[in-house]
Amino acid sequence: KAVSDLKATAKLIPDNTQAFLKISQLLYTMGDADDSLTNIRECLKLDADHKECHSHYTKVKKLAKQLESIRDGISQSNWKECLDKANQVLKLSSDPSSHAFIYRAHSSLCTCMSRGKSPAKDTITKCTEVLDTYHTSDAELLVSRAEAYILNEEYDLALADFQRAHDTEDSNRVNDGIKRVQKLIKQSKKRDYYKILGVRRSANKAEILKAYRKLAIKWHPDKYEGERKLAIKWHPDKYEGEDKKKAEKMFIDIAAAKEVLTDQEKRAKFDAGDDPLDAEEQAQQHNPFQGFNPFGSGNGQGYTFRFHFN
C-alpha cells in the first residue's frame, strides 16, 4: 500500500527523487530486486548525481544480476553456477533490509544442492537449516529435502516431506513424489540393484561398472585368470542345496543390476519405483534360469557365458 501511495506522489510532484528512492527501498525490503532497480533508475534519470539513489542503485544492480544468474542456472541445470551465485548473494545481502534476499539465497542453495545431486547429507543439513530457521513449510524446500532423503535411502522421511508439502501445494510434482516414494518403499523390500552392487543411488555409470567388475571377478569363474579348477570350484553346479541356490541368485542379481543401472531408461524407471525386469522375475519364479543361462552346460565343462566389460 505504501508503494502504491508513493507512486501516486511521484507523478503529482515534479522531480520527486525521494519518492522513487523510498519506493525502491521498500521494494528491496519486500524482496523485489527487479522492480526496485527500475524505480531507482527513475530517481537517477531525474538527478544523475543523487548520492543516496546512486549508492542504492549500485547495491540493487549487483543483487539483481546475481538473482538472474541463479534463475538462469536453475533453468539451464547449471547447478555449480546456481550455488556460486547464491553464495555471492549472501555476501552482498548483509544489511537488515536484505532479509528477503538472504532467505531466497539459502532456499536456492537447498534447491540447487538437491537437484545437482550434492552429497545427500549436506543437502539435508542445508534444507533443514532453512526450514527450521525461517519456520517455513515452503513446498520447494520440502520437495528438495525429500529428494535428498531419497538419495540417502531414507524413504519414510522423504514421504513425510512430500506429504507436508502437499498441505501447501497440491501439484503434480508433489503428488507424483508421494507415489514415487511409496513405490520405493515397496521396492526396498524386494530386489535393490544399488544394494546388490554396493553403490549409492547417486553413483555414476563409471562407479557402477567398477562395482560390477569387482563382483564379477569375485563370483564369475571366467575371471579366475585361467585357473580352471578354481573356476569349476565356484560354478553353481558344484554347490548343493541352499549354497547352490545362493550362488545362482548372486550371478543373476549381479548381471541384472548392471543391466538396469547402466541403461539410462531402465535406471530411470527403477529410480521411479518400477523394476524394469519385474516380468522376468515373475517368469523366474518357475525357472530361475529361464531366458538367462550364465554357464551353458551343467557339468562345469565348456561353459559359454561371458561378462562384457564395456
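In which helix do Lys269 and Glu265 both lie, and how many residues apart are they? In this predicted model, Lys269 and Glu265 are both found in helix H15, which covers residues 264–271, and they are four residues apart, a spacing of about one turn of the helix. Their side chains meet in a salt bridge, with a distance of 4.0 Å from N to O. With a relative accessible area of 42%, Lys269 is partly exposed, whereas Glu265, at 56%, is exposed.

Salt bridges that share partners also join Arg115, Glu140, Glu169 and Arg173 into one network. Within this group, the side chains of Glu140 and Arg173 meet in a salt bridge of 2.7 Å, again taken from N to O. Because Glu140 lies in helix H8 (residues 139–151) and Arg173 in helix H10 (residues 172–187), the pair ties together parts that are 33 residues apart in sequence. Arg173 has a relative accessibility of 32% and therefore counts as partly exposed.

A further salt bridge is formed where the side chains of Lys266 and Glu259 meet, with an N to O distance of 2.7 Å. Lys266 counts as partly exposed at 26% relative accessibility, and Glu259 is likewise partly exposed, with a relative accessible area of 31%. In general terms, side chains of opposite charge can pair when their charged atoms come close. Across the whole structure, the search finds 16 salt bridges, among them the pairs Lys269 and Glu265, Glu140 and Arg173, and Lys266 and Glu259.

Methods. Residues are numbered from 1 along each chain as its sequence is written. This is a predicted model: local features need pLDDT of at least 70, side-chain atom pairs count only at pLDDT 80 or more; totals for chains, interfaces and linings use all residues. Side-chain values use heavy atoms; hydrogens and water are left out. Helices (H or I, at least four residues) and strands (E, at least two) are DSSP runs, numbered from the N terminus. Buried means under 20% relative accessible area, exposed over 50%, partly exposed in between (1.4 Å probe, protein chains only).
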